[in-house]
Amino acid sequence: MHSDSPFQQIVDAVRQRHRFVVSSHARPDGDSIGSQLAFAYAARALGKEVLVVNKDAAPPPLMAFPGVPEIQIASQVSGDFDAAVIMECGEIARPGVAGLDRYFLINIDHHPGNTGYGALNWFDESAAACGEMVFDLVMALGVPLTPEIATHIYLAILTDTGSFHYSSISPRTFDICRQLLEAGVDPVAVARSVYDSNNMGRLKLFGAVLSAMQIDATGRIAIVYLDHEMARAAGGTYEDTEGLINLPLTVKEIQSVVFFKQNEGDEYRVSLRSKGDIDIGAIAKEFGGGGHKNAAGCTVTGPIDKLQKLFLEKIEQAIDGRPAHH
Ligand code: 5GP
Ligand code: MN
């Protein structure tokens, strides 16, 4: 690697600067949380001061991870920082935390289409998780891989690969995970915390949403829907839906899932998933969102019937590689 590569510049910046604020996207997931905390622990091992700030709290199953309780939940940040490290965000607006752009920005991301908003910008679309990049950073900083750092990176990789399901996985993914396990990660404990720590409301909510699931005429696309009324009736919350979207994909014939979650009125959060070569990331991007080939999202407004029909058409086109015939 050249000495002036973005990666090396970030290594140097972390060594030279002292006070860091670390943020990531709103509605955090395992990769954003794991990447942030692994970095925070590593930087502290070098004697740095690090504040981790996110707009939204971590999903309840992630509360068990060592660094999660220390994350500050705030929609703005001020104070004396030598740099803001932004993980996993294609745009500086994604964290939803005001004031970050006043600092020296270090942008670390694996999403296609990152706008390069940082003073230093390091992208690696080939990384299965931002956590893989943080692993490289930790190694380059010469920080010993403690069980805490390793566990947060493992959380990032486990969740962002959909528990080792997605096509983003590479030999490097397993090579990193091997080193993480040697550093003390307990993969059984991590899986239990992430996947087997649900509350009953979540299970009931899954039941309600899956009962109402629709399948397209060709049997390849699942449409799931949730509004506030359904959540209340089931005794669950929107946060409880984390991971729900992946369940329809466990059906062999299902190639793609679209999940509409009502925000307010006619505004919906759309989550998209697909198998293999089907690129639903491009669809999310078309609607002002983004993500990866197999996992993406956006926010849209309109009558739900029209939106469902529209996304169905787009997904059919993505599957067939040509406009669908009706
Ligand atoms: P989820 O469906 O779990 O909310 O999001 C899946 C992935 O899609 C996320 O990891 C993120 O990469 C991406 N994503 C979701 N929503 C948005 C959005 O509104 N904008 C962008 N740029 N990416 C999104
Ligand atoms: Mn990610």
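User: What is the strand order of the open sheet of six strands, and what kind of pairing does it have?

Analyst: The order is β7-β8-β9-β10-β12-β11, and the pairing is mixed. Strands here are DSSP runs of E with at least two residues, and helices are runs of H or I with at least four, both numbered from the N terminus. This is a predicted model, in which local features need pLDDT of at least 70 and side-chain atom pairs count only at pLDDT 80 or more, while totals for chains, interfaces and linings use all residues. Residues are numbered from 1 along each chain as its sequence is written, chains are lettered from A and ligands numbered from 1 in the order in which they are written, and side-chain values use heavy atoms, with hydrogens and water left out.

User: What makes β7 and β11 edge strands?

Analyst: Each of β7 (214-215) and β11 pairs on one side only.

User: Which strands does β2 pair with, and in what sense?

Analyst: Strand β2 (residues 49-54) pairs in the parallel sense with β1 (residues 19-23) over five bridges, and with β3 (residues 72-73), also in the parallel sense, over two bridges. Phe-20 is opposite Val-50 in β2, and Asn-54 has Ile-73 in β3 as its bridge partner.

User: Why is the unit of β1, α2 and β2 called right-handed?

Analyst: The term applies if, with the strands pointing away from the viewer, the path from the first strand over the helix to the second runs clockwise. The β-α-β unit made by β1, helix α2 (residues 30-45) and β2 is assigned that hand.

User: Which residues are the donors of the manganese ion (ligand 2)?

Analyst: Asp-31 (OD), Glu-88 (OE), His-110 (NE2) and Asp-160 (OD) coordinate the ion at 2.0 to 2.3 Å. Donors are N, O and S atoms within 2.8 Å of the metal (3.2 Å for Na, K and Ca), so these atoms qualify; water is not among the atoms, and sites may therefore look incomplete. Along the chain the donors follow the spacing D-x56-E-x21-H-x49-D. Glu-88 lies in the loop between β4 (83-87) and β5 (105-109) and Asp-160 in helix α4 (residues 147-160), so this pair ties together parts 72 residues apart in sequence.

User: Why do Glu-88 and Asp-160 count as buried?

Analyst: Buried means under 20% relative accessible area, exposed over 50%, and partly exposed in between (1.4 Å probe, protein chains only). Glu-88 has 2% relative accessibility and so counts as buried; Asp-160, at 15%, therefore counts as buried too.

User: What makes helix α3 mostly covered?

Analyst: Eight of the eleven residues of α3 (residues 130-140) are buried, among them Cys-130, Met-133 and Phe-135.

User: Which strand gives the most to the shell around ligand 1?

Analyst: β12 does, with four residues.

Notes. Pairing = 2+ DSSP bridges.
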